[in-house]
2 protein chains.
Amino acid sequence: MNKRETIIESAIKLFSNKGFEGTSVREIAADAGANVALINYYFGSKEKLFESVVEYRASVLKGLFSELFNNKELTAIEKLDIIIDKTIERKFSDSQFHHLLHRELSLGNRPQCRESISDILMRNIIPVKKIIKEGIKDGEFNKVDVELTLTTIIGTIHYLLTSDTMCRKILGKKEGFSAFQNKHLKQRLSEHTKKLMRSYLLKK
Amino acid sequence: MNKRETIIESAIKLFSNKGFEGTSVREIAADAGANVALINYYFGSKEKLFESVVEYRASVLKGLFSELFNNKELTAIEKLDIIIDKTIERKFSDSQFHHLLHRELSLGNRPQCRESISDILMRNIIPVKKIIKEGIKDGEFNKVDVELTLTTIIGTIHYLLTSDTMCRKILGKKEGFSAFQNKHLKQRLSEHTKKLMRSYLLKK
DNA sequence: TTTAATATTAAACAAGTGTTTAACTTTGCG
DNA sequence: CGCAAAGTTAAACACTTGTTTAATATTAAA
């Protein structure tokens, strides 16, 4: 890993934990073991470093579900099951970064940055939308509000990951419980979301 | 409205829009038409101003659903309908402030602040939990995962309000569409959430 | 009106901010 | 090697940050 990537990794860690404005370029440089000037040398500015961070990680999230849409052997509800599990897996394993995206998304500054973040998030949402629509067209699903149904799937998973503190309180757990590294919770969330979708989407 | 309150109001506006770290005390003072030193005179520090902001607004959100729990004339699903509508109404009318709370909640700094914010949010969640539990005990509801069901309700509403940009993209709307002031969207969200909960909770 | 508490101010403070400069070192290619 | 490009550095730059100080203005009670 070269110094450019080291800086990006440190930036991801610090931006995720302390926010964009709450992190100084000197902190990032120190964490990466690099000179402050290197940040401007490689990225031009702190703001452009942020954009690089987003792009850098975005490539990992890229097109996770697109091939699923073209699969003809699975039913729509089976596809949705896979989407639910993968979304949970992804959000749990990288909850810090997802917080970073959503935090900056809710801010009034840097509108261009909001635009690119929402584009990244949409890449994983569009295939889900298509799959639900297809399920309805094929008569497998009830005629539901497609956009809000996918909002429910993502929103349920997302809200549970709001913060470790919040998650503990919702679940009524004691202080020691670490929500984000809990395997049982992922399983529980997966079952809940799948059952919910089956009862709502599948015809009785 | 005295100067102390004027400062709090300006702080709410600016913190909501630009985040805690992204807002300077001088901006707040300027917006409130007050001298910078007044912030430290009244609140002691920027951080304590933030706590005052949270407390100030928390009183408004206080105990919105507690009396609903004790109501014996409504069925559990009817109570839930009311909760859904009130939650939508509240979040839509004050989406900026809710973003502020959730943004700071997801940050690693100021753990004591996270604690008080999650306490505030829980005040509105606990009665919902009770109502769903009661519905199950009375045999009106299926035996669902209570904590995750309420997460679904709040998460659905919350996620749609992530950002105006994001909301537009999810719904497939053009640039002009302003999600947060749209009456039709509130109605649509209300119907979706109620239907979802009826199909999931009520016995067939 | 005197007096003491409260409110408000401009100015200064020290520390931290992102960024730039110019010098120096390392790298890789002809 | 020679040399240019890329990488890395310490120091300085100009500016903003939250906070404090000490002086002044306002208020309200005695």
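Some ground rules before going on. This is a predicted model, where local features need pLDDT of at least 70 and side-chain atom pairs count only at pLDDT 80 or more, while totals for chains, interfaces and linings use all residues. Residues are numbered from 1 along each chain as its sequence is written, and chains are lettered from A and ligands numbered from 1 in the order in which they are written.

### One chain on its own

Chain A has 11 helices and zero strands. Helices here are DSSP runs (H or I, at least four residues), strands are runs of E with at least two, and both are numbered from the N terminus. The C-alpha trace of chain A spans about 65 × 40 × 35 Å along its principal axes. Of the 204 residues in chain A, 38% count as buried. A residue is called buried if 20 or more other C-beta atoms lie within 10 Å of its own, exposed if 12 or fewer, and partly exposed in between, with C-beta atoms placed from the backbone.

How much of the contact in chain A joins residues at least 24 apart? Among contacts between residues at least 6 apart in sequence, the share is 64%. Two residues are in contact if their C-beta atoms, placed from the backbone, lie within 7 Å.

Helix α7 of chain A (residues 95-105) is mostly covered, with 10 of its 11 residues buried. Among them are A:F97, A:H98 and A:H99.

### Where the chains meet

The contact between the chains takes 44 residues from chain B and 44 residues from chain A. On the chain B side, α1, α7, α8, α9, α10 and α11 each supply at least two residues. Which helix gives the largest share of that side? It is α9(B), with 10 residues. By class, the chain B side divides into 15 nonpolar, 19 polar and 10 charged residues. For that tally, Ala, Val, Leu, Ile, Met, Phe, Trp, Tyr, Cys and Pro count as nonpolar, Asp, Glu, Lys and Arg as charged, and the others, Gly among them, as polar. Both copies use the same surface, since 100% of the contact residues of chain B recur in chain A.

Helix α9(B) is also mostly covered: 13 of its 15 residues are buried. At 1.5 Å a residue, α9(B) should span 21 Å, and its end C-alpha atoms are 22 Å apart, which agrees. The expected span is 1.5 Å times one less than the number of residues.

### Around the DNA

Now for the strands. A residue is near a strand if its C-beta atom, placed from the backbone, lies within 6 Å of it.

| DNA strand | Residues around it | Closest residues | Largest share |
|---|---|---|---|
| D | 16 residues | A:N35, A:A37, B:S24, B:A37, B:S45 | α3(A), four residues |

The surface near DNA strand C draws at least two residues from each of α2, α3 and α4 of chain A and from α3 of chain B. Near DNA strand D, α3 of chain A and α2, α3 and α4 of chain B each supply at least two. By class, the surface near DNA strand C has eight nonpolar, four polar and four charged residues.

### A look inside, and at a loop

The largest nonpolar core has 94 residues, and A:A11, A:F15, A:V53, B:A11, B:F15 and B:V53 touch the most other members. Such a core is a set of buried Ala, Val, Leu, Ile, Met, Phe, Trp, Tyr and Cys residues joined through C-beta atoms within 7 Å. Setting aside neighbours within four places in sequence, B:A11 is in contact with B:I28, B:L49 and B:V53.

B:F50 sits in helix α4 of chain B. Is B:F50 buried or exposed? B:F50 is buried, because 20 other C-beta atoms lie within 10 Å. Apart from neighbours within four places in sequence, B:F50 is in contact with B:F15, B:F20 and B:C113.

A:E140, in the loop between α8 and α9 of chain A, is partly exposed, with 14 other C-beta atoms within 10 Å. Not counting residues up to four places away, A:E140 touches A:T75, A:A76, A:I77 and A:G135.
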